[in-house]
Amino acid sequence: MTRAVCPGSFDPVTLGHLDVIGRAAAMFDEVVVAVGDNISKRGWFSPTERVAMLREACAAWPGVRITLFGGLLVDFCRAEGIGVVAKGVRSSADVAYELSMAQMNRRLTGLDTVFLPTAPEWSFLSSSLVREVAGLGGDVTPFLSPAVADQVQRRAAARREPTAG
Ligand code: PNS
């Protein structure tokens, strides 16, 4: 069985992520979408909320499993019997950032990486831009699955409410 991991923060999952996950699912027997709790990124959704949104968004793909992971990606992959990382890249800046991580992962345990060029219509899209646009009242429905868009808009509204005291 060929098993790949799609790691990420997914805060929240976008249509760009889903494009990459769906294409990876067509290439591998199983794709494990691994939600990392990246401490350097402060986001809107808890890791469990991100997993729940991904499960709903990926429900149509039987070969896709969603899980949380902590620690090193290479350790997670070794424990899960995963030999390949599948990562979407939007630009040369993404490649530059991802390449050193891919090389480090390969040097650590032999874990290899395949880069999937993001579909051009999503090359500008990122979770952080979705949060910024939604936070300032913009329409993010073109960039998200309907259920995720609903949750993002609710969270944006809650964050705009003045806090007591
Ligand atoms: O694409 P993202 O959202 O920035 O991905 C974040 C994540 C969690 C996938 C990435 O930071 C990661 O792999 N973290 C695990 C820690 C690790 O293995 N670090 C060494 C990388 S060489």
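**Cysteines, a strand residue and a helix pair**

Hi everyone, let's start with the cysteines: the count comes to zero disulfides, a disulfide being a pair of cysteine sulfur atoms within 2.5 Å. Cys-58 is in no disulfide, and the nearest cysteine sulfur, that of Cys-6, is 8.8 Å away. Cys-77 is in no disulfide either; its nearest cysteine sulfur, again that of Cys-6, is 11 Å away.

A quick word on the model: it is predicted, so local features need pLDDT of at least 70 and side-chain atom pairs count only at pLDDT 80 or more, while totals for chains, interfaces and linings use all residues. Residues are numbered from 1 along each chain as its sequence is written, and side-chain values use heavy atoms, leaving out hydrogens and water.

Are these two cysteines buried or exposed? Cys-58 is buried, with a relative accessible area of 3%, and Cys-77 is buried at 1% (buried means under 20%, exposed over 50%, partly exposed in between, with a 1.4 Å probe and protein chains only).

Next, please find Thr-113 in strand 5, residues 112-117 (strands are DSSP runs of E, at least two residues, and helices are runs of H or I, at least four, numbered from the N terminus). Thr-113 is buried too, at 17%. Leaving aside residues up to four places away in sequence, Thr-113 touches Val-85, Lys-87 and Ala-102, where contact means heavy atoms within 4.5 Å.

Finally, which residues of helix 5 meet helix 6? They are Val-130, Ala-134 and Gly-135, and they meet Val-152, Ala-156 and Arg-160 in helix 6.
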